[in-house]
Each structure stands twice: as structure tokens, then as C-alpha cells.
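Subject: Structure handover

Hello,

Here is the structure I promised to pass on. Please look through it first, then read the notes below.

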Amino acid sequence: MDFYYLPGSAPCRAVQMTAAAVGVDLNLKLTNLMAGEHMKPEFLKINPQHTIPTLVEKDGFALWESRAIQIYLVEKYCPDATVREALYPSDPRRRAIVHQRLFFDVAVLYQRFAEYYYPQIFGQKLPADPARLRSMEQALEFLNTFLEGEQFVAGGDKPTIADFSILASIATFEVAGYDLARFENIYRWYEQTKKITPAADKNAEGAKIFGLYFTKK
């Protein structure tokens with residue numbers, strides 16, 4: 001299946017880790033947003049929202065939004081029931097927590113990262129906004145609380161797809177130069193989880209690429 005992506009993108013990296021966990025090979029299609037490749041007519045036919053990551057099956061089925069792709073890959077392609085249950089639990093309450101953490105990542109954690117850092121590294125390269133810094137750190141405080149007494153972000157003794165999504169986000173915080181050690185539970189979880197997650201090396205490599213934006217500030 002084709003996978004339209006950028007290696008520096010945290011959502012793209014989350015999908016790559018999920019694909020590795022379920023044993024799916026992705027046909028990587030590098031998509032240069034800065035060059036406007038996502039606005040080409042052929043891409044708009046696939047994804048009218050012109051976003052990455054975008055997954056396209058051989059039969060033409062297309063899906064975008066990284067967390068939706070993560071769920072799809074596990075439900076459709078994970079051959080091992082035990083692995084599938086660990087990554088995306090079937091119990092309604094366990095699954096609800098996984099969903100909550102995924103939604104927290106997209107709507108709070110990474111969103112506030114973007115609100116604080118993106119104005120500094122893209123466009124007008126504005127100075128750091130103290131109010132947005134406080135908002136971002138509040139999101140980290142929430143995550144630190146979620147991890148109190150827990151090995152993984154959605155609980156349990158094995159990582160879920162929520163861990164992969166948040167792992168990609170936190171790796172991006174790291175390359176931005178943020179001191180994760182300020183949050184003991186996050187730091188512990190991050191150091192532990194990146195050692196056991198499939199394709200964690202790809203996540204680290206991609207995050208470093210994104211980190212190059214910070215050297216150009």
C-alpha cells in the first residue's frame with residue numbers, strides 16, 4: 001500500500017511505528033509540502049483535504065488522519081490476536097481510554113506544541129509566547145498525571161497505538177530542545193517505550209529531521 005508522508009511529521013511517524021508493529025510494509029511516497037506536492041490535482045483526487053499522512057490501498061481505498069490509519073492497520077492487518085488485543089484492546093473501557101489518549105494527543109498535546117513552536121520556526125518566526133508556553137506545559141502536566149503509577153499512556157502492561165502516537169509527539173518535543181526530565185513520569189515512560197517500540201529508530205530519525213527547523217530559527 002502507498003503511504004504519502006514526510007519523515008519529520010509526528011503523525012506520519014506514529015503510523016510507521018504501527019505498521020511495523022503489525023508487520024505491514026508501506027510503499028513510502030515522500031510528499032514535499034513546502035513544494036506544494038500535496039496540492040497537485042492527482043493528490044487532491046486521493047485526499048481532498050490535502051493532508052499527510054495518507055494511506056492508499058491497491059484497490060484505491062484511501063484514508064487519512066494518522067490515528068484513523070493506526071486503528072485501521074491494527075484491525076485489518078494484525079494477524080496475531082494477542083498482539084492485536086495489546087495494541088487496540090477490545091474491552092470497551094480499555095479501548096475508550098486508548099481513544100481518549102489518541103484524541104488528547106491530536107487536540108491537546110501536539111496541538112499546543114504546534115501553537116507554541118510553529119510561530120517561532122515557520123512563517124514570520126515570531127518570538128516565544130509565554131502564554132502559549134504555559135498552555136503547552138499544562139498539556140505535559142496532564143500527560144504526566146496520566147502516567148502516574150502506569151507503565152503506558154493508556155494503562156496496562158503493554159504499549160498501545162496511543163503510546164505510538166504520543167511517542168512521536170514527545171520525540172518532537174525532545175528535538176525542539178524541551179527538557180522532558182522536568183516531568184518525571186513522562187521521562188521514565190519515554191525512555192522505556194522508545195526501547196521496545198517497533199521502528200522507534202525511524203521515529204528518532206524523523207524527529208531529528210524535524211529538529212533541523214529549530215537550528216534555522
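A word on naming first: helices (H or I, at least four residues) and strands (E, at least two) are DSSP runs, numbered from the N terminus. This is a predicted model, in which local features need pLDDT of at least 70 and side-chain atom pairs count only at pLDDT 80 or more, while totals for chains, interfaces and linings use all residues. Residues are numbered from 1 along each chain as its sequence is written, and side-chain values use heavy atoms, with hydrogens and water left out.

**Backbone**

Most residues other than glycine have a negative phi, and most peptide bonds are trans. Start with the loop between α2 (41-46) and β3 (54-56), where Pro 53 sits. The peptide bond from Ile 52 to Pro 53 is cis, with omega near 5°. His 50 belongs to the loop between α2 and β3 as well. Its phi is positive, about 45°, although His 50 is not a glycine. His 50 is partly exposed, at a relative accessible area of 31%. (Buried means under 20% relative accessible area, exposed over 50%, partly exposed in between, using a 1.4 Å probe and protein chains only.) Ala 199 also has a positive phi, near 65°. Look for Ala 199 in the loop between α8 (184-196) and α9 (200-215).

**Whole chain**

The protein chain has 9 helices and 4 strands. Along the sequence the pattern is β-α-β-α-β-β-α-α-α-α-α-α-α. The radius of gyration is 17 Å, close to the 17 Å that the globule rule gives for 217 residues, so the chain is as compact as a globular protein of that length. (The radius is taken over C-alpha atoms; the rule is 2.2 Å times the number of residues to the power 0.38.) Along the principal axes, the C-alpha atoms fill a box of roughly 50 × 45 × 25 Å. Of the 217 residues, 47% are buried.

**Helix packing**

Two packed helices are described by the angle between their axes and the distance between the axes. Axes are lines fitted to C-alpha atoms, for helices over the stretch in contact, and angles run from 0 to 180 degrees between N-to-C directions. Contact means heavy atoms within 4.5 Å.

Helix α7 (residues 161-175) packs on α9 at about 40°, with axes 8 Å apart. That makes α7 oblique to α9. (Angles under 35 degrees count as roughly parallel, over 145 as roughly antiparallel, 65 to 115 as roughly perpendicular and the rest as oblique.) From α7 come Leu 167, Ala 168, Ala 171, Thr 172 and Val 175; they meet Asn 203, Ala 207, Lys 208, Phe 210, Gly 211 and Phe 214 in α9. By class, that contact has 7 nonpolar, 3 polar and 1 charged residues. (Ala, Val, Leu, Ile, Met, Phe, Trp, Tyr, Cys and Pro count as nonpolar, Asp, Glu, Lys and Arg as charged, and the others, Gly among them, as polar.)

Helix α3 (residues 66-77) packs on α7 at about 145°, with axes 10 Å apart. Here Arg 67, Gln 70, Ile 71 and Val 74 in α3 meet Ile 161, Phe 164 and Ser 165 in α7.

Leu 143 lies in helix α6 (residues 130-146). Leu 143 is buried, with a relative accessible area of 0%. Beyond its neighbours within four places in sequence, Leu 143 contacts Phe 104, Leu 109, Val 153, Ile 166, Ile 170 and Ile 186. Phe 104 is 39 residues away along the chain, and the two C-alpha atoms are separated by 8.9 Å.

Best wishes
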